Amino acid sequence: MGRPPPPKPAPKAAKGGSKKQTNLERSSYFARREAAKVLKSVLQGDANKRAVGSIKTLIYSPTIRNKKATFALVCQTLKHLPILKEAIEGANVLNGKWKRQEELMYIIAYDILFGQATVVLAGDAEKFLLQRKNALQSALAKLCVKKKVKRVEDLLLQYNPNPDVSKPRYVRVNTLKMDFESAFLELSKQHKVQKDDIVPDLLVLPPGTDLHDHPLVKNGSIFLQGKASSMVAVSLGPQPGWEVLDACSAPGNKTVHLAALMRGKGKITACELNKDRMKRLEETVKYSGASNVEVLHGNFLNISTEDPLYTKVRAILLDPSCSGSGTAVDRLDHLLPSYTAAQAADVADTARMKNLAAFQSKALAHALSFPAVERVVYSTCSIYQTENEDVVKSVLPLADSLGFHLETALPKWTRRGLPVFEGSEHLLRTDPVVDMEGFFIALFVRKTAVSSPVVSQESEDHGHIKQTEELNRQNQSLRKKPIKRRLLPTRFVRMAEMMSRSYLIRRVQELG
């Protein structure tokens, strides 16, 4: 997907300006417009409850060139957005043609009021707002008086009380393109790098490490993927050559992780219902170099378990839509206009939560119903029991009837499911405070799934005994089977009776 051209070329530097100033003007001009494009998508998605992706997903899209500057502008503008809206409204500057470019106006207003000490005069929108700088500052001062604060910092705390969270930078090595040791050595040249103790092919770097412009990120050799997210595909454990179904795939990080675990062999069907998210999924697959992934635009629930295309599926990854409560801070959801104190509180009993849980239970039951499936992972990035333990509990009778049991995913991990039913100790949870993200994983394994046996020396020595036992079992089963008798036509029965009488008479004569 190509990057659309900017709406307007950056103006040339003023006469006599240095080359450095020209580059600064151009960089600032494009950074604000890229940020405005992302901000518009974020605000529209938040208003319609149909986000194409998280803030980070949108910013780190391949179509965004200056990711670092765009990230800073979008996050800071969102953090100050309530204040910016009131200041712009108080100054009465958002009218006429500028009303249609309000996202750009928010970005520039942030720079004028809170950002750069001197905003570079590049672009008509910048010039328009700079001419009204005094009006904006006056409106901001009146807002401080209204809210009874002396400093803008105190005003910001009233609107945005959530502290910034710092956590390690996790990097998953894409072994489809690069081996783990080579990636470790390359990153070690500039950064302090450690190997993760739970997830293979995962590296841990210090918090704040910026790798978005690193060549290995740009060419798809490494993925900036969180630890909990990386646990999901590893828990499923698909083998090379298997047929696998990823039920709700976008944006695709877990999909291509599956492909790497399968060493590019076998087949992965990646299902995604939302058209825009499907495009993002296709980008991720192409970016990763995964050649065994087939993207399917459709509803996972509409896939028939009797469809010949899916009767050989042996593993299913189900990571359905959820509240996202476990990664809200990491995804920067607290910066969204819709995020309120009420949302941050317990919302497990809301209608939306119940609808989500109903869909999740239905999808999980559907995943367990595929005829050849041996392993199913159900995962969410939610902290709520309603979406996690309760969903698993609701399908346990069906799972048991189909020969499935809960198996402990990643046994080394210590945090387990809430003790609300027998067997919940097999479930996996990550803690949003300790681990800085809240994930949930349940692994179902079919009891009747048979793997290739490993023949030991002892089994070879006593092979004849096992063969005899197997033959005895087969003979017993044959004896238990009822014999189906076929009725002969009447004329054949009568002929047989006549032949028997003549035979008996002849034998009596011989013996007499």
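Val293 counts as buried, because its relative accessibility is 14% (buried means under 20% relative accessible area, exposed over 50%, partly exposed in between; 1.4 Å probe, protein chains only). The model is predicted: local features need pLDDT of at least 70, side-chain atom pairs count only at pLDDT 80 or more, and totals for chains, interfaces and linings use all residues. Residues are numbered from 1 along each chain as its sequence is written, and side-chain values use heavy atoms, with hydrogens and water left out.

Val293 lies in strand E7 (residues 293–297). Helices (H or I, at least four residues) and strands (E, at least two) are DSSP runs, numbered from the N terminus. Leaving aside residues up to four places away in sequence, Val293 touches Thr255, Ala259, Ile268, Ala270 and Val285 (contact: heavy atoms within 4.5 Å). Ala270 is 23 residues from Val293 in sequence, and their C-alpha atoms are 6.7 Å apart.

Helices H11 (residues 253–261) and H12 (residues 275–288) pack with axes 9 Å apart, at an angle of about 30°. Axes are lines fitted to C-alpha atoms, for helices over the stretch in contact; angles run from 0 to 180 degrees between N-to-C directions. H11 is therefore roughly parallel to H12 (angles under 35 degrees; over 145 is roughly antiparallel, 65 to 115 roughly perpendicular, the rest oblique). From H11, Asn253, Thr255 and Val256 meet Leu281, Thr284, Val285 and Ser288 of H12.

Cys381 carries the UniProt annotation "active site", from an unreviewed entry; such annotations may be inferred rather than shown by experiment. Cys381 sits in the loop between strand E9 (375–380) and helix H15 (389–401). Its relative accessibility is 17%, so Cys381 counts as buried.
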